[in-house]
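Thank you all for coming; I would like to walk you through one structure this morning. Please have a look at it first, and then we will go through its parts together.

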Amino acid sequence: MQYRRLGHSGLQLSALSFGAWVTFGKQVGRGAARELVAAAWDHGINYFDNAEGYANGEAERVMGDAIADLRLPRDGFCVSSKVFFGAADEPLPTQKGLSRKHVHDACHAALKRLRVDYLDLYFCHRPDPDTPIAETVWAMDTLIRQGKVLYWGTSEWPAALIREAADLARKHRLHPPTMEQPQYNLLHRERVELEYAPLYGEIGLGTTTWSPLASGLLTGKYNEGVSADSRLGQEGYQWLRRWVLGDAGERRVERARAFTALAAELGVAPAPLAIAWCLRNPHVSSVLTGATAVAQLLENLEALELDARVDDAGWKRVEAAVR
Ligand SMILES: NC(=O)c1ccc[n+]([C@@H]2O[C@H](COP(=O)([O-])OP(=O)(O)OC[C@H]3O[C@@H](n4cnc5c(N)ncnc54)[C@H](OP(=O)(O)O)[C@@H]3O)[C@@H](O)[C@H]2O)c1
């Protein structure tokens, strides 16, 4: 495993990390979840991601139980949660968003579900137009001063809002956001590569990027349709299916087909190739992966060796294939 600094902070995260979205509390049972956490840990993954909204909090319960069962040393791993969407199907007005009250309540609920005394990373899962940014920055700073959170950050915030939060923090001597959690994969690059570009130097922003396989699309598993046992075949996830497969104009399946054909030509599996491409960006602190089976996780870990096996011309062809 390689370890990378989270932006300008001193925190060393594994370059590949592991998250629970759609899988824990939904697609995989408790035994399989424990095996996945164990395999990740055994291969040097030290960062596990979650959110209050994943399976209405159940993903955090499953992950917390797995980590406790495995007796992972608290000073050896990092765990994150995210606040905004709430943990109920139909959250009450105070059970969602980024008000001081919900940030406070959601943090304490996540600590209980994850069975830890503090969160290493805590994210504002989306911007909240109904809460002044200053209120959220103060609420995060308070949690840090109380020792309940170590680093706070944002997820899918526009660069201008991240900068506003950082400026506010500097002005009032509060803890600024340390990291963003944006989507980043071969089919979705602009925000990480262009929009956030000035923030890496200006405020030392780190990134823990999500969906390196575009929810599995880049493995080629949807090249010929959607099977019922895959993520996009899950009941209640029709919205995700529409989003991941896109409309005709986006040619997303076509681009995934071209990518998987090239991977075959290069003699490498598409999943680790897509993940290795994310790792090539030095502004990526950790690539968050997901898996429903240990075999997938092990295949994805091969990404760590691929950079040396594909030359510059090969990487140019990879990028050209998905245009
Ligand atoms: N902040 C945010 O808004 C946000 C949003 C999304 C995700 N995230 C975080 O990022 C993490 C990773 O995102 P993601 O789960 O979307 O990542 P991903 O790598 O794009 O998709 C993971 C899914 O692809 C399939 N897969 C993985 N490896 C495979 C392999 N080698 N061969 C075939 N299929 C494979 C599995 O689903 P099937 O087996 O069901 O096909 C797996 O659950 C999440 O768990 C979550 O922690 C954050």
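Before the helices, a word on how their packing is described: axes are lines fitted to C-alpha atoms, for helices over the stretch in contact, and angles run from 0 to 180 degrees between N-to-C directions. What you see is a predicted model, in which local features need pLDDT of at least 70 and side-chain atom pairs count only at pLDDT 80 or more, while totals for chains, interfaces and linings use all residues. Residues are numbered from 1 along each chain as its sequence is written. Helices (H or I, at least four residues) and strands (E, at least two) are DSSP runs, numbered from the N terminus.

Let me begin with helix 9, residues 252-266, and helix 13, residues 312-321, which pack at an angle of about 160° with their axes 8 Å apart. Helix 9 is therefore roughly antiparallel to helix 13, given that angles under 35 degrees count as roughly parallel, over 145 as roughly antiparallel, 65 to 115 as roughly perpendicular and the rest as oblique. Two residues are in contact if their C-beta atoms, placed from the backbone, lie within 7 Å, and here Ala 258, Phe 259, Leu 262 and Leu 266 of helix 9 make the contact with Gly 314, Arg 317, Val 318 and Ala 321 of helix 13. These residues divide into six nonpolar, one polar and one charged, where Ala, Val, Leu, Ile, Met, Phe, Trp, Tyr, Cys and Pro count as nonpolar, Asp, Glu, Lys and Arg as charged, and the others, Gly among them, as polar.

Turning to helix 1, residues 30-42, its axis and that of helix 11 come within 9 Å and cross at roughly 20°, so helix 1 is roughly parallel to helix 11. In this pair, Glu 35, Leu 36, Ala 39 and Ala 40 of helix 1 meet Val 294, Leu 297 and Leu 298 of helix 11, and the contact comprises six nonpolar residues, no polar ones and one charged.

Now to the strands, which pair if DSSP finds at least two bridges between them. A closed barrel of eight strands runs 3-4-5-6-7-8-9-10, with parallel pairing. Within it, strand 3 (residues 16-19) and strand 4 (residues 47-49) pair in the parallel sense over two bridges, and Phe 18 has Phe 48 in strand 4 as its bridge partner.
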